[in-house]
Amino acid sequence: MYADEADQDGSKEFLIYASVFFPSDQLLKIHKGMIAIRRKYGFKPNDKLKFSPGGISKDVTRQAHTDAKNAVLKLAAKHHCKACCYITPHAIAKGQPHDKRLKFGINTLLMKFDQFLRENGNAPGVVKFDRTTDFKQEQYFKEVFETGIVFQQSQKNHQLGNIVSIDNTLNGTSHLASLTDIVVGSFRFVINEPNKDLAGVKLLQSLSNILWGIKDEKGVLLIRERGFCIRPKNIAVANYEADISALTARLNEYASRK
C-alpha cells in the first residue's frame, strides 16, 4: 500500500487521505507500464509524473499530461489495484491539532488495509506513506508498529496483524508513488472541485474501476467503509451532516452520468 494526503491546509472543504493497494504479483508489470507511459507522452527521466503539472518540462504539453494521467488510472485498473479514500470535513478537522488530523487519516487507512489483507487470503502487506515534516511521522509509525493504534476515547489498542512494515516514501524512488499521487489527486479533484463537474465525472468513472468494495446480492458494488470512508462516522452537528449529504448526493449524480 502507498498513501498520500491532499488539501490538508483547510483551503478546500474536505481533507483527503487516500491509498492504493498494489497486488504483489503485479508490481513489475505496473512498474514497466509506468515507464512505458512516461516514454509515450514525452516525460524525461527527471520529470515528475503527478496529478499536478508542476515539475514537468516544457516539452510535455498539457494534453499529453492529461492523457498520461488517464493512462495511469487505466493501468491501475488493468493490474487489479484497489483504492481507499478517507474524507473528513475541514470544519470538523480544524478543531483538532494538525498532527491529530493527519493521524486520524493514517489510522483509518492502516486499519482498512489490514482489513483488506485479512479478507483477501490473510495476506501480508507493506505500507508506504508520503514523507511529511508536518509532524513526527516516523516516530508515530514506530509507535503504531510496536503497540498498535490506540483509540482516543477507549484507550484500547488495535493491532495491525497483517501489516509487516510501515515506512515513508522518498521522492523519485518509485513509480508506485507516482501512480498513487495521481489517484489521490483524482480523489481530491472529484471531492473538492464541485464546480468542475465535467472533468470530475470522467475522473470518478476512472476511480470507480479501482475503488475497493464488495458486491451485494444484486451485483451492486458497496464501497462505504471500504474504498470510501467518511469521518467521523457519527456527525452531531446538522450543518456538517448536510455538507456530507451534499457531497454524497453530488458523487451519486456524477456516477449516474454516462
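**Asp7 and onwards**

Mentor: Let's begin with Asp7, which is buried, at a relative accessible area of 16% (buried means under 20%, exposed over 50%, partly exposed in between, with a 1.4 Å probe and protein chains only). Before we go on: this is a predicted model, where local features need pLDDT of at least 70, side-chain atom pairs count only at pLDDT 80 or more, and totals for chains, interfaces and linings use all residues. Residues are numbered from 1 along each chain as its sequence is written, and side-chain values use heavy atoms, with hydrogens and water left out.

Trainee: Where does Asp7 lie?
Mentor: Asp7 sits in the loop between β1 (2-6) and β2 (14-21). Helices (H or I, at least four residues) and strands (E, at least two) are DSSP runs, numbered from the N terminus.

Trainee: And what about its phi?
Mentor: Asp7 has a positive phi of about 55 degrees, although it is not a glycine. Most residues other than glycine have a negative phi. Glu225 also has a positive phi, about 65 degrees, and is not a glycine either.

Trainee: Which loop is Glu225 in, and is it buried or partly exposed?
Mentor: Glu225 is in the loop between β9 and β10, and it counts as partly exposed because its relative accessibility is 23%.

Trainee: What does the side chain of Glu225 meet?
Mentor: Glu225 and Lys233 meet in a salt bridge, 4.0 Å from N to O. The rule is a side-chain nitrogen of Lys or Arg within 4 Å of a carboxyl oxygen of Asp or Glu. Lys233 counts as exposed, at 58% relative accessibility. Elsewhere, salt bridges that share partners join Asp7, Lys12, Arg188 and Glu193 into one network.

Trainee: How many salt bridges does the rule give?
Mentor: The count comes to 15. One of them pairs Lys44 with Asp59, with the closest N and O atoms 3.1 Å apart. That pair links distant parts of the chain, 15 residues apart, with Lys44 and Asp59 each in the loop between α1 (27-40) and α2 (62-78). Lys44 is partly exposed at 37%, while Asp59 is exposed at 56%.

Trainee: Which helix holds both Lys103 and Asp99?
Mentor: Both lie in α4 (residues 98-119), four residues apart, about one turn of the helix.

Trainee: Switching topic: how many residues does α8 have?
Mentor: α8 has 19 residues and reaches 27 Å from its first C-alpha to its last, close to the 27 Å expected at 1.5 Å a residue (the expected span is 1.5 Å times one less than the number of residues).

Trainee: Which residues of α8 are buried?
Mentor: Ile244, Leu247, Thr248, Arg250, Leu251 and Tyr254. Down the axis of α8, the buried residues fall within an arc of 155 degrees, so they line one face of the helix; the arc is that of the directions from the helix axis to the C-beta atoms. On the other side of α8, Ala238, Asn239 and Asn252 are exposed.

Trainee: What covers the buried residues of α8?
Mentor: The cover includes β2, β3 (82-89), α6 (175-192), α7 (197-208) and β10, where contact means heavy atoms within 4.5 Å.

Trainee: Last one: which residues does the cis peptide bond join?
Mentor: Arg231 and Pro232, with omega about -5 degrees. Pro232 is in the loop between β10 (228-230) and α8 (238-256).
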